[in-house]
Amino acid sequence: MISNLKDFLNQPYPFYYKGKQLFYFALLIFMMSVFFNYFFEPFDNYVPEHKMDFFWISVIHSANAALVVLLLFGPIGMKINEDKWTVKKEMVLATALFVSIGIFQFLVRDLIYDNPYNWSWRYLLEEIRNTCLVGFLFFAIIVPINYIRLKSQHVDLASQFKAKPHSEILVDKQESVAIQTQQKSDDFLLDPKTFLFAKADGNYLEIMVSQNGEIQKLLKRMTLKEFETQLKAPEFIIRTHRSYLVNLHHVSDIRGNAQGYQLHLTPHPETIPVSRGMIPLFESRINA
């Protein structure tokens with residue numbers, strides 16, 4: 001049981017708090033919070049101290065929660081390494097989010113409650129407690145259901161692809177391509193049919209090639225975008241992730257998880273991710 005729980009917590013999970021998804025998530029938080037607080041009234045409400053109708057109090061609390069989400073994860077918010085995001089990290093981040101929302105709820109108490117003790121440790125802890133209770137209830141429902149839905153969807157789709165190395169690649173007539181790096185003395189020639197994948201690593205690019213059954217790693221000072229542009233990648237070489245460029249002719253196995261797909265190449269043990277944003281392009285090319 002404990003082992004299964006650990007496995008679940010360490011499973012990859014998509015990071016939603018960016019771009020349009022961040023806006024939709026904030027809107028979902030707002031709508032769920034208004035509905036739950038107003039119709040279920042999960043906590044005691046002492047009406048005489050209300051400065052306005054309870055509906056508007058629910059709206060203010062809910063809008064406050066959505067605002068915190070946008071502030072924490074928006075352009076000026078925290079930066080997250082979404083490539084290694086897991087269910088456990090999602091839960092830890094959710095806890096930090098709930099505590100932050102609770103603090104903000106405490107700061108607006110004077111606007112909605114006529115209580116001389118608004119600015120007290122008691123109400124600070126109470127707001128944090130109430131926010132965490134509601135937040136954990138939402139996430140205990142949403143995260144497992146969403147994880148199971150995404151994993152099942154991607155596993156089913158991955159099983160439909162018949163990935164196997166293309167034999168015709170061995171007689172490909174394409175000539176080697178001259179690649180210029182940011183350090184001129186490090187320029188090189190690359191035969192596209194020997195190319196396996198490229199991985200961005202800080203200011204450098206790891207380029208894996210297979211020649212005569214042996215794998216060779218080239219470490220070059222350049223960006224993945226520069227490499228992709230110069231390579232003038234044919235149809236079988238595509239970007240599957242912001243950090244990966246892959247030769248689909250070497251893909252031998254495709255598996256699915258909650259984040260998208262995972263590719264395995266015949267001559268190399270590394271697992272190559274296919275991010276959700278790249279899935280449509282990948283699906284259109286893998287069986288082309």
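Counting rings of Phe, Tyr and Trp (its six-membered ring) as paired if their centres lie within 6.5 Å, the structure has 16 aromatic pairs. The model is a predicted one, in which local features need pLDDT of at least 70 and side-chain atom pairs count only at pLDDT 80 or more, while totals for chains, interfaces and linings use all residues. Residues are numbered from 1 along each chain as its sequence is written, and side-chain values use heavy atoms, with hydrogens and water left out.

Two of the pairs are set out below; planes under 30 degrees apart count as stacked, over 60 as edge-to-face and the rest as tilted.

| Pair | Centre distance | Plane angle | Class |
|---|---|---|---|
| Tyr38 and Phe39 | 5.1 Å | 85° | edge-to-face |
| Phe98 and Phe139 | 5.3 Å | 80° | edge-to-face |

The second pair links distant parts of the chain, since Phe98 lies in helix 4 and Phe139 in helix 6 (residues 121-158), 41 residues apart; helices here are DSSP runs (H or I, at least four residues) numbered from the N terminus. With buried meaning under 20% relative accessible area, exposed over 50% and partly exposed in between (1.4 Å probe, protein chains only), Phe98 is buried at 4% and Phe139 is buried at 5%. Tyr38, by contrast, is partly exposed at 31%, and Phe39 is exposed at 57%. Tyr38 and Phe39 also belong to one aromatic cluster, whose members include Phe35, Phe36, Trp56 and Phe138.

The helix that carries Phe98 packs against helix 6 at an angle of about 150°, with the axes 8 Å apart, where axes are lines fitted to C-alpha atoms over the stretch in contact and angles run from 0 to 180 degrees between N-to-C directions. Helix 4 is therefore roughly antiparallel to helix 6, given that angles under 35 degrees count as roughly parallel, over 145 as roughly antiparallel, 65 to 115 as roughly perpendicular and the rest as oblique. By class, the contact of helix 4 with helix 6 has 16 nonpolar, 5 polar and 2 charged residues.

Helix 4 (residues 87-107) also meets helix 3 (residues 54-73), their axes coming within 9 Å and crossing at roughly 125°, and the two helices are therefore oblique to each other. Ile101 of helix 4 takes part in this contact, as do Val68 and Leu72 of helix 3.

Notes. Contact = heavy atoms within 4.5 Å. Nonpolar A, V, L, I, M, F, W, Y, C, P; charged D, E, K, R; others polar.
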